[in-house]
Amino acid sequence: ADHADRVILRPRPHVIAVVPPGVADKVARQLVRASVPAHIRKGEAVYLRVVDPHHPMPELPATLLELRLRVVPRDDDGADVFVDADTRDAAAAAQAAHDVRDLVRERNTPVVSIFTHGLLDHVEVTSEGSVVKGHLTATRDQIATLINLVATLVLQVQRPGAPSPSPSGRTPR
């Protein structure tokens, strides 16, 4: 995200780390011995922690000190995405929440909404004390569309058997 060299480590099943090359060997040795942290809850598909998220994602407010993202599968094959981001105080959190809401609105152009099947249409961003809180619900269709878009447009690969992304509002079958 910050256009710097990174190494992707998978030291064991269910653990992935993305780190700078200079610390890859050290982190890999640590992760092989480390246990899964207690803060990962049963049923979470993804847990992501980013310290100083403004650095790799400069569009985010610089006042965000740490960001935690959780993806929780839903019974309807969709997912809830929860984001908590720490700031230094309540005023900074309120301003950061406002800035993130504006960012989502700016980025969710009509074309983006069509291509993502409305994924960002109902993002909730609030603040609670010194924490910025975000939530979005993704349907199975939106998740499949996002995976296909990332594979095709970002990674420039076509997943075997995957339909091509379609702006029609439906995933082709």
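Is Arg88 exposed or buried? Arg88 counts as exposed, at 61% relative accessibility. Here buried means under 20% relative accessible area, exposed over 50%, and partly exposed in between (1.4 Å probe, protein chains only). Asp89 counts as partly exposed at 32%.

The model is predicted: local features need pLDDT of at least 70, side-chain atom pairs count only at pLDDT 80 or more, and totals for chains, interfaces and linings use all residues. Residues are numbered from 1 along each chain as its sequence is written, and side-chain values use heavy atoms, with hydrogens and water left out.

**The sheet**

Five strands form an open sheet in the order β3-β4-β5-β7-β6, with antiparallel pairing. Strands β3 (46-51) and β6 (124-128) stand at the edges; each has a single partner strand, so one side of each lacks a neighbour in the sheet. The twist averages 15 degrees from one strand to the next. Strands are DSSP runs (E, at least two residues), as are helices (H or I, at least four), numbered from the N terminus. Two strands pair if DSSP finds at least two bridges between them. Strands β4 (residues 66-73) and β5 (residues 79-86) pair over eight bridges. Glu66 has Asp86 in β5 as its bridge partner.

Helix α2 (residues 90-107) lies across β6 and β7 (131-138), at about 175 degrees to β6. Axes are lines fitted to C-alpha atoms, for helices over the stretch in contact (heavy atoms within 4.5 Å). Angles run from 0 to 180 degrees between N-to-C directions.

**Thr87**

Thr87 sits in the loop between β5 and α2. Thr87 counts as buried at 6% relative accessibility. Its side chain reaches the backbone nitrogen of Ala93 at 3.3 Å. A polar atom of that side chain also lies 2.7 Å from the backbone oxygen of Ser130.

**Salt bridges**

A salt bridge is a side-chain nitrogen of Lys or Arg within 4 Å of a carboxyl oxygen of Asp or Glu. By this rule the count comes to ten. Three of them are tabulated here.

| Pair | N to O distance |
|---|---|
| Glu44 and Arg70 | 3.1 Å |
| Glu66 and Arg68 | 3.0 Å |
| Arg88 and Asp89 | 3.9 Å |

Glu44 lies in the loop between α1 (24-33) and β3, and Arg70 in strand β4, 26 residues apart. Both Glu44 and Arg70 are buried. Glu66 is buried too, with a relative accessible area of 17%. A network of salt bridges links Arg49, Glu66, Arg68 and Asp86.

How values were computed: Polar contact = N/O pair within 3.5 Å; in protein donor to acceptor, adjacent residues only side chain to side chain.
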